[in-house]
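Dear colleague,

Please find the structure below, handed over for your use. My notes on what was found in it follow directly after.

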Amino acid sequence: MVIGLFTTSWSVKKYNLRVLAIYGFSVGVILTIYYFACASQKVPLDYFIQSNMLSVSAYTYLPQLILPYKTIIYYTQWCAMIGTVLWAILYFFQKEKGRGPLAFFMYFNVLVIVTHIKSEWLDRDLLYNSFVVFIPIVLGFTVAMLIRLFQIIPFPWFRFTPIFMGLTFVGMLYGAFTFQKSFLQQLTPSDATPKYMLNACDNIAKTYFSYTYTIVNDRATQVISNNSHFFMNYEDFLSQYLEKDAQYERIKKNKKILQSNPDQILSKSVLVLVLDKNHPRDNSSFSENIKYYDPLMKQLQTLKDRGREVNVFYRSPLLTVYEVVNNPNESKISDIIFK
């Protein structure tokens, strides 16, 4: 909408300003609602907003590409710049009225610039994933501007356009299969465990308030727990949690003891990621965690026998997330806001 102010005609700029004003007013209303909701729960507003702008399940991993992804974005950026120059030439020589391609070229370059900004508020992987859609559009607009430029030359190019485009399509299709055939044959199916694990963690982050829950998982995943929630690896959970649970059960109703011994307080919810027992052992860095399946299920059953509420929060073909509820209705965002 901001770029539209620079690319639209004077006759519609009032409409653009009105749309921006309405958008700003809507954002203000939503932020006001979030402010009072976060204030009542003593949750920092900026942290709540930031946690919803980031996604742990978004990651850039494209091994099938011949060129590095950033290199492709770099070349596409140059195509956008060339397309902008071609549009300017058409504007001066043919009074080109359509400014959609110009606005899109500017928008794409702005997104590329944003990826170079180092800020904890920006999720670069989400931007990189969006480029999968933008790159073909930029290339298409650039080719369209190039064809329009050829039409300025006093020669009936338009008569050959359908034939030229047909031959170009067939040639590109043949080249795609010919030059990538050997490379595609070398590809092997990637391990889907990290994808399901990140998706589970993303669903958890969207469902629970920060620092009201603990995730039990492999040591290697502790890095994604920073500034979000508490973490416990499988070994500590199996060796220490039952004792902590029994001790917390004895003192959880005594506020004086809890205030003087905060280290004895358990998270309101504990989410245990359990790898499926039939998980494929090949091509997975997490396959060794299969050995924890039986001990984890036995410990969860022990907690059930003690009267703890144990639910299935997330289920996928490779892993299941079990929730141990220590304080009902005090961890999930929906329970806290609407209770």
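Helix 2 passes helix 3 in a right-handed crossing (a crossing is left-handed if the near helix is turned anticlockwise from the far one by less than a right angle, and right-handed if clockwise). Two packed helices are described by the angle between their axes and the distance between the axes. Here the axes of helix 2 (residues 13-41) and helix 3 (residues 45-53) come within 9 Å, crossing at roughly 120°. Axes are lines fitted to C-alpha atoms, for helices over the stretch in contact, and angles run from 0 to 180 degrees between N-to-C directions. From helix 2, Leu-31, Tyr-34, Tyr-35 and Cys-38 meet Leu-45, Phe-48 and Ile-49 of helix 3, where contact means heavy atoms within 4.5 Å. By class, this contact has 7 nonpolar, no polar and no charged residues (Ala, Val, Leu, Ile, Met, Phe, Trp, Tyr, Cys and Pro count as nonpolar, Asp, Glu, Lys and Arg as charged, and the others, Gly among them, as polar).

The model is predicted: local features need pLDDT of at least 70 and side-chain atom pairs count only at pLDDT 80 or more, while totals for chains, interfaces and linings use all residues. Residues are numbered from 1 along each chain as its sequence is written, and side-chain values use heavy atoms, with hydrogens and water left out.

As to the overall picture, the protein has 12 helices and 5 strands; helices (H or I, at least four residues) and strands (E, at least two) are DSSP runs, numbered from the N terminus. Of its 339 residues, 32% count as buried (buried means under 20% relative accessible area, exposed over 50%, partly exposed in between, with a 1.4 Å probe and protein chains only). Among contacts between residues at least 6 apart in sequence, 64% join residues at least 24 apart.

A search of the whole structure finds 15 aromatic pairs. Rings of Phe, Tyr and Trp (its six-membered ring) pair if their centres lie within 6.5 Å; planes under 30 degrees apart count as stacked, over 60 as edge-to-face and the rest as tilted. The ring centres of Phe-105 and Phe-141 are 6.1 Å apart and the planes stand at 85°, so this pair is edge-to-face. It links distant parts of the chain, with Phe-105 in helix 5 (residues 100-115) and Phe-141 in helix 6 (residues 124-150), 36 residues apart. Phe-105 is buried at 0% relative accessibility, whereas Phe-141 is partly exposed at 27%.

Tyr-107 and Phe-134 also form an edge-to-face pair, 5.7 Å centre to centre with 80° between the planes. Tyr-107 belongs to helix 5 and Phe-134 to helix 6, 27 residues apart. Tyr-107 is partly exposed at 38%, and Phe-134 is buried at 15%.

Elsewhere, the charged end of Lys-195 sits over the ring of Tyr-196, 5.1 Å from its centre (the criterion is NZ of Lys or CZ of Arg within 6 Å of the ring centre and within 35 degrees of the ring normal).

Most residues other than glycine have a negative phi. Tyr-211, however, has a positive phi near 60°; this residue lies in the loop between helix 8 (193-207) and strand 1 (213-217). Asn-329 likewise has a positive phi of about 60°, and its place is in the loop between strand 5 (319-325) and helix 12 (333-338). Tyr-211 is partly exposed at 40% relative accessibility, and Asn-329 is partly exposed at 47%.

Yours sincerely
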